[in-house]
Amino acid sequence: MIKKILLTLVAIVLVGAMLLYFVGIRPTYAPEGCTYELDIAKLRALAASVPGNKPTEIRVEDVTGVEFPRAIVCPGESWDKAQFRAYAYQLVFDDKTIIVDTAMNAAQAKTLGMTEGFDEAAWERVAKGLAQASAIYVTHEHADHMGGAFADDKWAGSLRLNPQQLDSTIMNRPEISAAARAAAKRIGADHYQAVAPGVVVIEAAGHTPGSQMIYVARADGTEVIFTGDTAWLADNIDHQQGPAKVVLAAMGSNRPALSCQLAALDHLQKTEPKVAIMPGHDKARMSELVARGVFKPTFK
């Protein structure tokens, strides 16, 4: 009996130690050895290199979400819950719109377990925006960012995806029909790609093989970087710290690459504080940027 109790206690201690290591302890990274580039001068030059007027507005829809303990999202933080929202963005030009990330419909949200506060009206506005958009870009291939793009094949011809977004086999991808795959257009794999006036795609493989960030310069000079899930919350950038090891392992993320990208984002926010950095799911940061006029609620 005593032996059984001792073995149980040892097992509890071991499990506790594993949880502490994989979740509770903030690992030490070495960003000084990183080579990942996030050059704001190059981004500005590329954004200005495409003829035409830059976007006048960036609109946002908050479609659905879930709550996560902050310590899972950023080890070393508290176990308080953070609201984890799925957003879609509409870049409004004089003569067109471009969508950045697409959130997902109700069925996809249920499959992914992100149904808290699902807003059907918001999704319907996203769907209408997808149907009208001249181009659709996504930060990566997870369903909460790309799912809406494949909810209906009729707008697949507007998709602009890198090869990894279309072809990688990671978990939590949306189903892609043969028709949508054939209709979607592939973009290149350069580190920086100017894709529209004021819009530059930035390679950021790490969270997923197809991850990229998107820089937008508005006509009035406002600058935004959409990080996708390179940073889930602002805490990830502030601490140069990705999600818990167990999460990254489950997702198959490239932890060293992610660390270097977060270090680059942290350097940028310190040296260029006027550039608005929007993490993938941060409701508090979203509220701040809406209050500043960086984003306007609801699609046109």
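1. The model is a predicted one, in which local features need pLDDT of at least 70 and side-chain atom pairs count only at pLDDT 80 or more, while totals for chains, interfaces and linings use all residues. Residues are numbered from 1 along each chain as its sequence is written, and side-chain values use heavy atoms, with hydrogens and water left out.

2. The chain holds twelve helices and twelve strands, these being DSSP runs numbered from the N terminus (helices H or I, at least four residues; strands E, at least two). Of its 300 residues, 53% are buried, where buried means under 20% relative accessible area, exposed over 50%, and partly exposed in between (1.4 Å probe, protein chains only). Among contacts with a separation of 6 or more, 71% are between residues 24 or more positions apart, a contact being heavy atoms within 4.5 Å.

3. The largest pocket has a volume of about 280 Å³. On a 1 Å grid over the protein atoms alone, a pocket is an open set of points with protein on both sides within 12 Å along at least five of seven lines, a cavity is a set where a 1.4 Å probe fits but cannot get out, and lining residues have an atom within 4 Å of a point. A volume is the space filled by probe spheres set on the points, which are joined across faces, edges and corners. The pocket is lined by 17 residues, of which Phe68, Phe84, Asn172, Trp232 and Met251 are the closest to its centre. Two or more lining residues come from each of β1 (57–69) and α10 (245–251), and α10 gives the most, with three. The lining comprises eleven nonpolar, four polar and two charged residues (Ala, Val, Leu, Ile, Met, Phe, Trp, Tyr, Cys and Pro count as nonpolar, Asp, Glu, Lys and Arg as charged, and the others, Gly among them, as polar).

4. The largest cavity holds about 50 Å³ of space, and residues including Tyr87, Asp101, Thr139, His145, Phe226 and Gly228 line this cavity. Its lining has five nonpolar, five polar and one charged residues.

5. Thr139, one of the residues lining the largest cavity, sits in the loop between β4 (135–137) and α6 (143–146), and counts as buried because its relative accessibility is 1%. Its side chain is joined to that of His145 by a polar contact of 3.3 Å, meaning a pair of N or O atoms within 3.5 Å; within protein, one must be able to donate a hydrogen and the other to accept it, and residues adjacent in sequence count only if both atoms are side-chain atoms.

6. Thr230 belongs to the loop between β10 (223–226) and α9, and is also counted as buried, at 2% relative accessibility. Although Thr139 and Thr230 are 91 residues apart in sequence, they are 9.0 Å apart in space, C-alpha to C-alpha.

7. In helix α12 (residues 283–291), Arg285, Met286 and Leu289 are buried. These three lie on the same side of α12 because they cover an arc of only 100° around the axis, taken from the directions from the helix axis to the C-beta atoms. The buried residues pack against β1, β2 (81–92), α9 (234–238) and β11 (276–278), whereas Ala284 and Ala291, on the other side, are exposed. Asp282 caps the N-terminal end of α12, with a side-chain oxygen 3.1 Å from the backbone nitrogen of Ala284.
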